[in-house]
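User: Please examine the model shown below. A series of questions on its local geometry and helix packing will follow.

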Amino acid sequence: MLDSPDNYRIEYRSVGKQFVNIQSTGNHDEFIIAVKEVDLAVRDGEVVSLIGPSGCGKSTLLNMGSGLYQPSAGDIYVDEERVDRPNAHVGFMLQKDLLLAWRTIRKNIEFGLEIQGVPAIIRNERSSELLEKCRLSGFEEHYPHQLSGGMRQRAALARTLAADPSVLLLDEPFSALDAQTKMILQQDLAETLAAEKKTALFITHDLAESVALSDRVFVMSQRPGTIIEEIDIDLPLRENPLARRHDWQKDVAVYVTRLMELLHVGELASEVEI
Ligand SMILES: Nc1ncnc2c1ncn2[C@@H]1O[C@H](COP(=O)(O)OP(=O)(O)OP(=O)(O)O)[C@@H](O)[C@H]1O
Ligand SMILES: [Mg+2]
């Protein structure tokens with residue numbers, strides 16, 4: 001537990017990031033400002049999603065949170081410690097599962113623990129527990145190519161959880177999956193996050209997903225991306241998104257409509273020539 005009254009697990013303070021523009025000529029700017037003045041914080045145990053137009057800097061924010069990139073302005077803190085390099089306090093999961101092809105599923109899940117020097121017996125206990133939680137029991141000796149896309153993402157989630165990170169950063173973890181598998185995985189993720197009492201910040205383009213899975217949604221503007229709205233999802237059943245969608249259908253739809261308005265989805269649609 002943290003001393004801070006707000007109990008933040010991850011906190012972005014006035015974060016900005018610019019990249020050198022490789023197309024820079026007299027006509028183009030020397031820098032691309034990806035994000036600017038981003039203030040965003042996730043409390044202990046909260047699940048927060050981040051939505052915004054393509055190219056607004058969502059992945060850039062998560063990459064900085066994971067320590068892969070350094071901000072050009074401002075600072076990011078995990079458990080009140082400044083993030084200045086990739087570290088085990090942050091678990092990062094991407095659209096592509098990045099499992100190691102030559103390792104079994106169990107060995108993939110244990111990979112981070114192995115690097116940390118955790119003894120085999122403890123690694124084994126932890127991976128068995130996660131194999132069960134992520135519904136992969138019976139597949140521990142399989143290799144990634146022997147699993148479906150949904151199962152591979154579950155294995156990637158188990159691997160991310162294995163090191164017991166303070167915060168999980170998930171960059172469109174389900175966007176490469178078909179609609180049905182995606183719903184099952186959303187359910188798995190929500191249940192697992194609740195059971196493990198984990199804090200998560202995740203990016204999605206799926207507005208209904210953001211409402212079904214989150215406590216709060218942060219909405220970003222076009223690039224240079226900044227937070228334009230923060231919406232509390234005041235609905236029960238965060239640990240059970242299928243039930244939330246079912247029992248609170250109308251409320252979910254109202255939130256989705258509000259998010260569409262903020263993202264100007266209607267205006268964009270009316271610009272499309274049919
Ligand atoms: N390593 C990099 N070098 C140069 N420019 C980059 C780099 N990473 C991102 N950018 C630029 O920063 C901007 C934000 O990119 P980012 O990938 O964060 O957007 P995004 O919101 O995740 O988009 P999407 O929804 O399409 O995934 C884009 O203009 C992108 O071209
Ligand atoms: Mg992205």
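Analyst: Helices here are DSSP runs of H or I with at least four residues, strands are runs of E with at least two, and both are numbered from the N terminus. The model is a predicted one.

User: Which residue just after α5 takes a positive phi?

Analyst: Most residues other than glycine have a negative phi. An exception occurs in the loop between α5 and β8 (199-203). There, just after α5, a positive phi of about 50° is taken by Lys 197.

User: Is Lys 197 buried or exposed?

Analyst: A residue counts as exposed when its relative accessible area is over 50%. The relative accessibility of Lys 197 is 67%, so the residue is classed as exposed.

User: What span should helix α5 have at 1.5 Å a residue?

Analyst: The expected span is 1.5 Å times one less than the number of residues. Helix α5 covers residues 179-195, which is 17 residues.

User: At the start of α5, which backbone nitrogen does a side-chain oxygen of Asp 178 reach?

Analyst: The approach is to within 3.2 Å. A polar contact requires N or O atoms within 3.5 Å. The backbone nitrogen reached by Asp 178 belongs to Gln 180.

User: How is α4 oriented relative to α5?

Analyst: Helix α4 (residues 149-162) packs against α5 with the axes 10 Å apart and an angle of about 20°. Angles under 35 degrees fall in the parallel class, so α4 and α5 are roughly parallel.

User: Which residues of α5 meet α4?

Analyst: The crossing of α4 and α5 is right-handed. From α4, the contact uses Gly 150, Gln 153, Arg 154, Leu 157 and Leu 161. Buried residues of α5 include Leu 185, Asp 188, Leu 189 and Thr 192. The α5 residues that meet α4 are Thr 181, Leu 185, Asp 188, Leu 189 and Thr 192.

User: How are α2 and α3 oriented to each other?

Analyst: The axes of helix α2 (residues 105-115) and α3 come within 9 Å and cross at roughly 130°. The contact involves residues including Ile 109 and Leu 113 of α2 and Leu 130 and Leu 131 of α3. An angle between 115 and 145 degrees belongs to none of the parallel, antiparallel or perpendicular classes; α2 and α3 are therefore oblique.

User: How far apart in space are Glu 129 and Ala 162, C-alpha to C-alpha?

Analyst: Glu 129 belongs to helix α3 (residues 120-133), and its relative accessibility of 36% makes it partly exposed. In sequence, 33 residues separate Glu 129 from Ala 162. In space, their C-alpha atoms are separated by 9.4 Å.

User: What is omega of the cis peptide bond that joins Arg 223 and Pro 224?

Analyst: Most peptide bonds are trans. Pro 224 sits in the loop between β9 (216-220) and β10 (227-232). The bond from Arg 223 to Pro 224 is cis, with omega about -5°.

User: What is the relative accessible area of Leu 237?

Analyst: Leu 237 is located in the loop between β10 and α7 (241-247), with a positive phi near 70°. Leu 237 is classed as partly exposed because its relative accessible area is 24%.

User: How many of the 8 residues of α1 are buried?

Analyst: Helix α1 (residues 58-65) is mostly covered. Its buried residues are Lys 58, Thr 60, Leu 61, Leu 62, Asn 63, Met 64 and Gly 65.

Methods:
Residues numbered from 1 in each chain as written. Chains lettered and ligands numbered in written order. Predicted model: local features only at pLDDT ≥ 70, side-chain atom pairs only at ≥ 80, totals over all residues. Heavy atoms only, no water. Buried < 20%, exposed > 50% of the residue type's maximum accessible area, 1.4 Å probe, protein only. Polar contact = N/O pair within 3.5 Å; in protein donor to acceptor, adjacent residues only side chain to side chain. Axes fitted to C-alpha atoms, helices over the stretch in contact; angles between N-to-C directions. Parallel < 35°, antiparallel > 145°, perpendicular 65-115°, else oblique. Contact = heavy atoms within 4.5 Å. Left-handed = near helix turned anticlockwise from the far one by under 90°.
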